[in-house]
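Subject: Structure handover and findings

Hello,

Here is the structure for you to look through. Please open it beside the sequence as you read on.

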Amino acid sequence: MALTFRPNMKAKAMPLDISFQPMRVLIDGHDSEGTLVLADSQLAAVFVRLDGTHHASENKGWWYLEAGFGKCNSQHAPLFKTPEEAGAWVEQTLAR
């Protein structure tokens with residue numbers, strides 16, 4: 001009797017291990033607080049906290065996607081209140 005492996009098409013993918021690594025980012029003397037977002041130990045995105053004087057006051061303190069890699073390479077990512085919200089966006093983006 002031969003056994004055949006048939007994947008369960010309804011099964012969900014395993015959740016990604018999202019982690020953060022605080023990192024200073026050199027951007028013209030402002031917006032220097034950053035965080036690397038890793039998905040399963042791979043760099044997925046770099047976010048910076050908006051604090052420069054040229055930012056609108058309602059955006060100061062929010063997190064901006066400075067660089068995204070792979071599926072996270074987006075020119076239209078929203079701003080995030082916390083690095084954790086940014087990490088959730090990375091996870092959702094990679095799961096698509």
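Below is what was found in it, from the overall fold down to single residues.

**Ground rules**

This is a predicted model: local features need pLDDT of at least 70, side-chain atom pairs count only at pLDDT 80 or more, and totals for chains, interfaces and linings use all residues. Residues are numbered from 1 along each chain as its sequence is written, and side-chain values use heavy atoms, with hydrogens and water left out.

**Confidence**

pLDDT is the predictor's confidence in each residue, from 0 to 100. The protein averages 87. A score of at least 70 is reached by 84% of the residues. Treat residues 4–9 separately: their pLDDT is below 50. Beyond near neighbours in sequence, that stretch has 0 contacts in the model. Contact here means heavy atoms within 4.5 Å.

**Overall fold**

The protein has 1 helix and 4 strands. Along the sequence the pattern reads β-β-β-β-α. Helices (H or I, at least four residues) and strands (E, at least two) are DSSP runs, numbered from the N terminus. Of the 96 residues, 32% are buried. Buried means under 20% relative accessible area, exposed means over 50%, and partly exposed lies in between (1.4 Å probe, protein chains only). Among contacts with a separation of 6 or more, 24% come from residues 24 or more positions apart.

**The sheet**

The 4 strands form an open sheet in the order β1-β2-β3-β4, with antiparallel pairing. β1 and β4 stand at the edges with a single partner strand each, so one side of each has no neighbour in the sheet. On average, neighbouring strands are turned by 30° against each other, direction ignored. That angle is taken between axes, which are lines fitted to C-alpha atoms (for helices over the stretch in contact); angles run from 0 to 180 degrees between N-to-C directions.

Two strands pair if DSSP finds at least two bridges between them. The pairings are as follows:

- β1 (residues 18–24) and β2 are antiparallel over 7 bridges. Isoleucine 18 stands opposite alanine 39 in β2.
- β2 and β3 run antiparallel, joined by 6 bridges. They form a hairpin with 2 residues between them. In the turn, aspartate 40 has a positive phi of about 50°.
- β3 and β4 are antiparallel over 5 bridges. Arginine 49 stands opposite tryptophan 63 in β4.

**Strand β2 and threonine 35**

β2 is mostly covered, with 6 of its 7 residues buried. Threonine 35 lies in this strand, which spans residues 33–39. Its relative accessibility is 5%, so threonine 35 counts as buried. The bridge partner of threonine 35 in β3 is phenylalanine 47.

Glutamine 21 sits in strand β1. Its relative accessibility is 37%, so glutamine 21 counts as partly exposed. Glutamine 21 and threonine 35 are 14 residues apart in sequence and 5.4 Å apart in space, C-alpha to C-alpha. Leaving aside neighbours within four places, glutamine 21 contacts Gly34, Thr35, Leu36 and Leu38.

**Nonpolar cores**

A nonpolar core is a set of buried Ala, Val, Leu, Ile, Met, Phe, Trp, Tyr and Cys residues joined through side-chain atoms within 4.5 Å. The largest has 13 residues. Val37, Ala45, Phe47, Phe80, Trp89 and Val90 touch the most other members. β2, β3, β4 and α1 each give two or more residues to this core. A second, separate core of 6 residues includes Val25, Leu36, Leu38 and Val48.

**Aromatic rings**

Rings of Phe, Tyr and Trp (its six-membered ring) pair if their centres lie within 6.5 Å; planes under 30 degrees apart count as stacked, over 60 as edge-to-face and the rest as tilted. There are 3 aromatic pairs by this rule.

Phenylalanine 47 and phenylalanine 80 pair edge-to-face, 5.6 Å centre to centre with 85° between the planes. Phenylalanine 47 lies in β3 (residues 42–49) and phenylalanine 80 in the loop between β4 (63–68) and α1 (83–95), so the pair ties together parts 33 residues apart in sequence. Both are buried.

The rings of phenylalanine 80 and tryptophan 89 have centres 5.9 Å apart and planes at 50°, so this pair is tilted. Ring pairs link Phe47, Phe80 and Trp89 into a cluster.

Best wishes
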